[in-house]
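Please look over the sequence and the structure below before reading on. The paragraphs that follow then lead through the structure step by step.

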Amino acid sequence: MNLITPRLARHALPRPPQALLSCLTLGGVFVLFAWLVPPFLQWDNLRNIVDGSALLLILALGMTLIVAIGGIDLSVCIAFDMGAAFAIVALKDYQLAWYLAVLAGIAGGVLVGLLNALLVVRLSISPFLATLGTFFIGSSVQRIFTHGGGPISFREAPLEFQNLAVGVLGGVPVKVWLAGAVLLVYFVLLERSILGQRIHAIGMQKSAAQHAGMRVGAIVFAAFVFASATCALGGTIASANMQMFTPMAGHAYLLNAIAAVFIGASLRANGRPHVLGTLLGTLFLGMVANGFNLMGLEPNEKAAAAGLVLLLALSLSAWQQRRR
Amino acid sequence: MPTLNALQRHALPSLPLVIFSALLLYLALQAPVLLEPYTLNLILRQSLPTVLVCLGLATVVMVCGDDAVAGGIDLSIPASAVLAAGIVASQVAHHGTPIAWAVAMAFAAALLVGGVVATLVVLVGMTPLLASLASSVAALGITKWVVDNRRINLSEPLIVYLRDAELGGVSVSVLWVLPAVLLFYFLLHRTRWGMNLQAVGGNRDAAELSGIAARRFIAQAFVLAAATGAGAALLLLARGSGFTPGSEENLLLEMVLATYLGAAFSPRRVVTLWGAVLGAVLVSALSVGFKSIGVDIFWTGCIKGALILLVVASSALARKSAA
């Protein structure tokens with residue numbers, strides 16, 4: 001299964017030079033915003049962009065792993081929400097210490113990942129349909145759990161927990177440190193380790209990987225669990241930010257995470273998803289959101305504009321990646 | 001996984017049907033009101049938006065192939081439907097546009113979305129999954145902007161007519177949709193266009209070698225699917241007496257469930273038009289049934305999600321054992 005190079009693309013438009021179009025687009029949008037809204041270029045604003053992209057980056061990295069292995073994970077937002085829910089409940093109802101609450105959050109993500117892994121590896125369902133099912137079930141479960149979708153807040157969270165999201169360490173927000181740590185882990189895992197090479201191999205041609213003797217099932221299983229755990233960490237940080245769990249809050253991140261991965265993938269010659277590309281894709285989307293904010297767009301105008309930008313960005317990436 | 005014998009291979013894809021039938025039987029026993037003509041009419045009427053979008057999805061799956069990842073899927077049909085519904089509601093309620101013009105604008109918008117997906121798939125070379133996902137994000141964003149993300153009540157005569165009017169105990173909207181279903185069946189199974197479309201889906205290489213312009217059929221299928229979304233928009237407005245934000249998620253859920261469940265009805269276990277329509281009606285029956293016995297609407301959503309997984313798991317397992 002290969003999401004990136006479909007068969008249907010024969011006799012289509014000729015492919016532009018590698019990565020050129022994406023780089024031009026990224027640079028062009030940056031220049032456009034800088035020209036339209038001068039405050040965009042200020043140092044404080046650029047720091048805002050980085051700060052605001054931290055959570056999306058964590059989610060997008062989880063998605064990168066799944067896309068690298070040849071699938072897609074529509075339930076990253078569910079893992080995100082479970083991470084938030086489990087952490088808040090651990091703090092509120094069980095009065096656990098802050099680090100145990102974080103572990104509880106990650107455990108929530110692991111559960112989601114286990115479900116996905118079972119569906120994909122043991123029951124041989126395609127990742128798209130399996131994670132779509134998880135997405136629907138997860139959304140319904142959240143509504144059931146919160147009796148209709150209301151948030152669960154906990155204002156007396158310990159300071160350490162709150163600092164996960166709002167704290168600052170050496171001038172850099174803790175959120176950004178954490179995102180950076182996850183980035184480093186994923187970079188080493190996907191781009192510098194043998195396991196990473198195996199993951200890419202499975203994503204490129206699963207049957208060849210199987211014939212080469214790789215334990216494809218085990219690796220895919222672990223990938224889904226690890227990706228969901230990562231997304232749950234993002235959710236835990238988000239809940240620390242607002243000191244509450246908002247059901248379906250993760251939905252907003254899903255399409256952006258997918259977009260970040262695919263925009264990033266188009267930056268590489270071979271069109272494979274990779275960690276640094278995802279980082280650039282995430283920053284691009286953060287830049288776009290920030291730019292629209294500075295332009296004073298209403299939330300609904302922003303939704304429309306952001307949707308169109310996403311569509312355009314994905315189209316350009318796909319055009320660039322297409323192979324015969 | 002141990003190899004399944006032939007009996008299991010044939011029985012496995014029928015498992016969702018068995019479970020579905022068991023569920024419906026249980027519901028009918030618990031709430032006999034389900035079998036009354038009034039409720040049956042309600043079930044049919046509620047299923048109509050899903051029936052229409054399933055026609056669109058079934059067409060796309062037929063032309064692009066069965067595999068949900070590399071093959072045909074169109075997640076943007078509910079988004080087209082919701083965009084069209086939003087345009088009609090906003091134009092009629094906020095701008096006083098005559099309903100005919102509003103409907104025409106809505107159709108144009110939906111066809112535009114379909115055209116965008118078609119272009120992305122055929123010219124740009126995106127997978128249908130990504131193309132439709134990206135287009136649906138854009139369409140939903142534009143919808144939010146058009147309706148200001150708010151509920152819009154409608155008491156326009158056409159909408160009330162679709163919602164309330166009956167002929168011989170059957171809603172007129174059902175009497176409008178039935179010819180649409182028959183038309184689709186005729187188009188896809190009784191015309192040369194339809195035969196060529198199915199040939200493209202069956203084996204694209206063979207079709208192209210026989211001289212069929214596969215790209216043209218694929219593009220047309222996506223635009224046609226978006227048109228079914230536009231039709232579904234009017235029925236969505238009738239069902240909800242106006243526009244409700246967030247209705248696309250349930251429509252997407254039911255569309256996917258109904259279409260893939262419908263595949264279990266066909267002997268070859270492929271997505272078919274009648275299977276999808278029957279699937280849509282059954283899913284509606286399930287929703288109405290659960291509501292009759294007092295099951296929380298969110299639990300119903302959960303069960304539907306689980307049913308999707310059950311349906312695709314059993315067909316995936318059956319396919320694996322056949323390989």
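**Helix packing and the contact between chains**

In this predicted model, helices H7(B) and H11(B) are roughly perpendicular to each other, because their axes cross at roughly 75 degrees and angles of 65 to 115 degrees count as roughly perpendicular. Helix H7 of chain B covers residues 157–164 and helix H11 of chain B covers residues 214–240, and their axes come within 8 Å. On the side of H7(B), the residues that take part are B:Ile159, B:Leu162 and B:Arg163, and they meet B:Leu234, B:Leu235, B:Leu237 and B:Ala238 in H11(B). Sorted by class, this contact of H7(B) with H11(B) has six nonpolar residues and one charged residue, with no polar residues.

Helix H12 (residues 247–263) of chain B and helix H13 (residues 273–292) of chain B have axes that come within 7 Å and cross at roughly 125 degrees, which makes H12(B) oblique to H13(B). The crossing in which H12(B) passes H13(B) is right-handed. Among the residues that make this contact are B:Glu254, B:Leu257 and B:Ala258 of H12(B), together with B:Gly275, B:Ala276 and B:Leu278 of H13(B). By class, the contact of H12(B) with H13(B) has nine nonpolar, four polar and one charged residues.

From here the reader can turn to the place where the chains touch. How many residues does the contact take from chain A and from chain B? Chain A gives 41 residues and chain B gives 43 residues. On the side of chain A that touches chain B, the elements that give two or more residues are helix H5 (127–145) and helix H13 (299–321) of chain A, and H13(A) provides the largest share, 13 residues. The residues on this side of chain A divide into 28 nonpolar, nine polar and four charged.

Finally, chain A can be viewed as a whole. Chain A has 13 helices and four strands, and because its radius of gyration of 20 Å is close to the 20 Å that the globule rule gives for 324 residues, chain A is as compact as a globular protein of that length. Its C-alpha atoms fill a box of roughly 60 × 55 × 40 Å, taken along the principal axes. Of the 324 residues in chain A, 54% are buried. Among the contacts in chain A with a separation of 6 or more, 76% are accounted for by residues 24 or more positions apart.

Key:
Residues numbered from 1 in each chain as written. Chains lettered and ligands numbered in written order. Predicted model: local features only at pLDDT ≥ 70, side-chain atom pairs only at ≥ 80, totals over all residues. Axes fitted to C-alpha atoms, helices over the stretch in contact; angles between N-to-C directions. Parallel < 35°, antiparallel > 145°, perpendicular 65-115°, else oblique. Contact = placed C-beta atoms within 7 Å. Nonpolar A, V, L, I, M, F, W, Y, C, P; charged D, E, K, R; others polar. Left-handed = near helix turned anticlockwise from the far one by under 90°. Rg over C-alpha atoms; globule rule 2.2 N^0.38 Å. Buried ≥ 20, exposed ≤ 12 C-beta atoms within 10 Å, placed from the backbone.
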